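Here is a short briefing on a predicted model. It covers domains, the ligand shell and the nonpolar cores.

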Amino acid sequence: MSLTTAEKMADFKIKQALPYNFKVAWAERMARGFYWDDRVYGKVCVSVGGLDSITLALFLENIGLNVPRVSVSQLEDKSIQQIHKQLDVIRVKPAEDNQGRRYNQIRVIQEFGFPVISKAKARKIEILQTPDSPKQTFIHAIMTGDMGEQGHYGHSDKLKLPDKWIQLFGGLYNDHRPDLCCKCAKFRVSNRCCYWLKEKPMQDWQREHGVFPYLGLMAIEGGQREQGLMKNGCNYFGKEVIRSCPFAIFSRQDLLQLALDLHAPVPEVYGQIKRKADGTLYTTKAQRTGCQLCGFGIHIEKRPHRFDRLYYANRKMWDYYMHHLVQDDQTGEWYGWGRVLDYIGIEWRHDQVEIFADWEQ
Ligand code: SF4
């Protein structure tokens with residue numbers, strides 16, 4: 001008898017609350033189950049990025065599974081790229097457009113807009129920034145949460161953008177929220193970066209080699225991921241997607257403990273894994289990394305944030321990314337992440353350098 005979605009989610013939560021040793025044993029069972037499943041039968045790869053998936057790659061090796069490691073490594077921090085080299089990770093390049101021109105972060109930002117806040121919110125903001133959009137029902141739902149006839153006149157707080165972002169980006173469709181005073185940003189926002197730089201090239205590579213991926217995702221990271229992992233479980237065999245996420249039920253603490261147990265090499269960008277007096281594990285520098293210069297999650301990151309780290313690592317590159325990425329079509333002025341961060345209220349300037357004296361090395 002198959003479980004309902006609510007039952008699957010409840011079961012997942014119970015597993016998340018179990019002790020570390022159980023979760024590691026569960027991850028092993030899931031990883032082996034996927035590898036030997038009839039639909040997969042050893043045709044696998046592991047998608048490698050930061051510490052989570054580096055740990056996953058070593059975990060798979062440790063339990064005796066031979067799994068090629070693959071990454072669009074060039075998007076990662078230099079210290080992560082070094083570890084990828086040590087681990088013999090196969091390097092894949094970002095996707096090309098239909099004229100054979102390869103995308104990079106700068107081109108994606110110039111053509112589509114800045115990846116900022118979160119993937120799901122950037123997608124909604126992109127729609128709000130499209131003049132005369134035919135998606136009026138969706139726009140109404142983004143602005144109000146009311147789903148109209150198609151959604152049986154229901155209401156969804158998940159679909160609605162928080163008012164804070166509606167006020168900053170909903171200017172073109174202010175009539176859907178006459179109670180707010182909405183503005184238009186002088187830059188575009190988009191979620192398409194991940195697709196062109198990571199998802200498409202990895203999917204193309206997997207298709208070309210006939211393999212299915214292990215991914216280092218954990219539901220605890222929240223957002224769309226959490227719902228998908230809770231509903232679909234660690235191993236998923238869909239029509240379009242077949243994948244395994246053996247660490248889906250892990251907490252951050254579980255992941256760091258396993259990284260220690262496996263003696264995983266910790267890229268310099270994270271600093272070191274240390275234990276606080278109360279036993280909590282943490283990394284002394286970045287807690288998480290994504291691509292260099294991704295804006296997803298920047299609004300919830302404390303300073304020194306990723307742009308501060310770049311400031312100390314490479315002042316010239318920082319200046320370029322903050323000020324010279326995109327040319328304003330109206331004024332001809334060049335601008336970059338500085339304009340975006342100012343607009344969404346994130347501090348990034350270095351007038352108060354002494355605050356981060358530890359980083360000045
Ligand atoms: S994580 Fe950010 S920068 Fe990296 S590909 Fe995705 S959107 Fe682009």
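The centres of domain 2 and domain 3, taken over C-alpha atoms, are 27 Å apart. Domain bounds come from an automatic or database domain assignment. This is a predicted model: local features need pLDDT of at least 70, side-chain atom pairs count only at pLDDT 80 or more, and totals for chains, interfaces and linings use all residues. Residues are numbered from 1 along each chain as its sequence is written.

**Domains**
- The assignment gives domain 1 (5-98 + 193-272), domain 2 (113-176) and domain 3 (295-359).
- Seven residues from domain 2 and eight residues from domain 3 make the contact between them (C-beta atoms, placed from the backbone, within 7 Å).
- On the domain 2 side, five residues are nonpolar, one is polar and one is charged (nonpolar: Ala, Val, Leu, Ile, Met, Phe, Trp, Tyr, Cys and Pro; charged: Asp, Glu, Lys and Arg; polar: the others, Gly among them).

**Ligand shell**
- Residues around the ligand include Cys-193, Cys-194, Cys-291 and Cys-294 (C-beta atom, placed from the backbone, within 6 Å).
- Helix α9 (residues 192-209) supplies the largest share, four residues (helices are DSSP runs of H or I, at least four residues).
- The shell holds eight nonpolar, two polar and one charged residue.

**Nonpolar cores**
- In the largest nonpolar core, of 42 residues, Phe-247 and Ala-248 touch the most other members (buried Ala, Val, Leu, Ile, Met, Phe, Trp, Tyr and Cys joined through C-beta atoms within 7 Å; buried means 20 or more other C-beta atoms within 10 Å, with C-beta atoms placed from the backbone).
- Helix α3 gives the most to this core, seven residues.

Terms used:
Helix = DSSP H or I, 4+ residues; strand = E, 2+ residues; numbered from the N terminus. Contact = placed C-beta atoms within 7 Å. Buried ≥ 20, exposed ≤ 12 C-beta atoms within 10 Å, placed from the backbone.
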